Amino acid sequence: MNLHAYKYIFRDAKEGLRRNAGASFAAVALIFVAMTMIGMLLLVRLTVTDVTTYLESQISMKVYIDPQVETEEVAAILEGKSFVESVEVETGQQLLDKLAFFFNGKEYLLDSFRDSGIEDAIRLDVTDKTQTVRIAKELEEMDGIVKVVYPQQLAEILVDWSEKVNQYGLVAAGFFFFMSFGMVYIAIHLALYQRQKEIRVKLLIGAKPSSVRQQFLFEGSLVGFMGSLLAGFGMYSLFSFVLLPIAERFPFIFSFSLETVYLILVGMVLLGVFIGIAASYLSTRKLIKDA
């Protein structure tokens, strides 16, 4: 196919988009929403992975002690355990002192915490972090320990929230995905009906159905490209102005890979173009053949 043919296809597709501006705009908007949601879900997944990795590797295990038991005695017992690397006692009063800053001007709330009786706690680091769950279960069975909080618990909660967001997000993204697919299908369908006479003339003078279809496939790909490209710009802006500054401030938590982000953006654009081409192909397959 020569350059003149490509120019003709582009001009014809542009004219088709102009004739069906309303349907084309709706299709672009729906593809934009679908691709944006998919991109955000992937970025959330990357963020949650970094945070859970940090939690599991950095946060110490915390053991809360029964008020009827001497905290120092329990700390001495724990310090003698082979799986314990270090022990630090944190009394209820010390915890209240740390919280006092947040209750400035509302000391009555702090007093309510003091009256409720906050348990002493022991913060400890274990020698083998991969055995944290097993160690936590062993500590929970010890006399004098009322509760054990460890990194995996926080990570599991975070992952659970992330999975729920992903589930509902994927349902919503799937809905907009099929809506955008249907909207492109309708837009190309309208363009075909408007240009039926023109298509018949082209076929009568010897044009191949595949060549005629290429014009509409290109039109659908343009719709998909515009919607997904806008979504890509939006996601790149979110990454550049929100996520990247956060990662730079907390490099010990977040380790976003630019290559991964760029791969997500390229994937979004390609998926949008695929929606446009697939919907256009299905829309034109029968009508051009029967024109």
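These legends accompany close-up views of a predicted model.

**View 1. The rings of Phe 175 and Phe 176 form an aromatic pair.**
Three aromatic pairs turn up in a search of the whole structure. In this one, the ring centres of Phe 175 and Phe 176 are 5.4 Å apart and the planes stand at 75 degrees, so the pair is edge-to-face. The cut-off for that label is an angle over 60 degrees. Phe 176 has a relative accessible area of 24%, so this residue counts as partly exposed. A pair of aromatic rings is described by two quantities, the distance of the centres and the angle of the planes.

**View 2. Tyr 236 and Tyr 262 form a stacked aromatic pair.**
Their ring centres lie 6.4 Å apart, with 25 degrees between the planes. The pair links distant parts of the chain, 26 residues apart. Tyr 236 belongs to helix α9 (residues 209–249), and Tyr 262 to helix α10 (residues 258–290). Tyr 236 is partly exposed, at a relative accessible area of 36%. Tyr 262 is partly exposed as well, at 38%.

**View 3. Helix α6 (residues 132–140) has its buried residues on the same side.**
The buried residues are Thr 132, Ile 135, Ala 136 and Leu 139. Around the axis of α6 they cover an arc of only 100 degrees, which means that they sit on the same side of the helix. An α-helix has 3.6 residues a turn, so residues three or four places apart point the same way.

**View 4. Ser 180 is a buried residue of helix α7 (residues 151–194).**
The relative accessible area of Ser 180 is 0%, so this residue counts as buried; the cut-off is under 20%. Leaving aside neighbours within four places in sequence, Ser 180 is in contact with Ala 27, Leu 30, Ile 31 and Ile 275. Ser 180 and Gly 276 are 96 residues apart in sequence, yet their C-alpha atoms are 8.6 Å apart in space.

**View 5. The largest nonpolar core has 31 residues.**
Met 35, Val 184, Phe 216, Val 223 and Met 268 have the most contacts inside this core. At least two residues of the core come from each of α1 (3–19), α2 (21–58), α7, α9 and α10. Helix α9 gives the largest share, nine residues. In soluble globular proteins, nonpolar side chains tend to be buried together.

Definitions and conventions
Residues are numbered from 1 along each chain as its sequence is written. This is a predicted model: local features need pLDDT of at least 70, side-chain atom pairs count only at pLDDT 80 or more; totals for chains, interfaces and linings use all residues. Side-chain values use heavy atoms; hydrogens and water are left out. Rings of Phe, Tyr and Trp (its six-membered ring) pair if their centres lie within 6.5 Å; planes under 30 degrees apart count as stacked, over 60 as edge-to-face and the rest as tilted. Buried means under 20% relative accessible area, exposed over 50%, partly exposed in between (1.4 Å probe, protein chains only). Helices (H or I, at least four residues) and strands (E, at least two) are DSSP runs, numbered from the N terminus. The arc is that of the directions from the helix axis to the C-beta atoms. Contact means heavy atoms within 4.5 Å. A nonpolar core is a set of buried Ala, Val, Leu, Ile, Met, Phe, Trp, Tyr and Cys residues joined through side-chain atoms within 4.5 Å.
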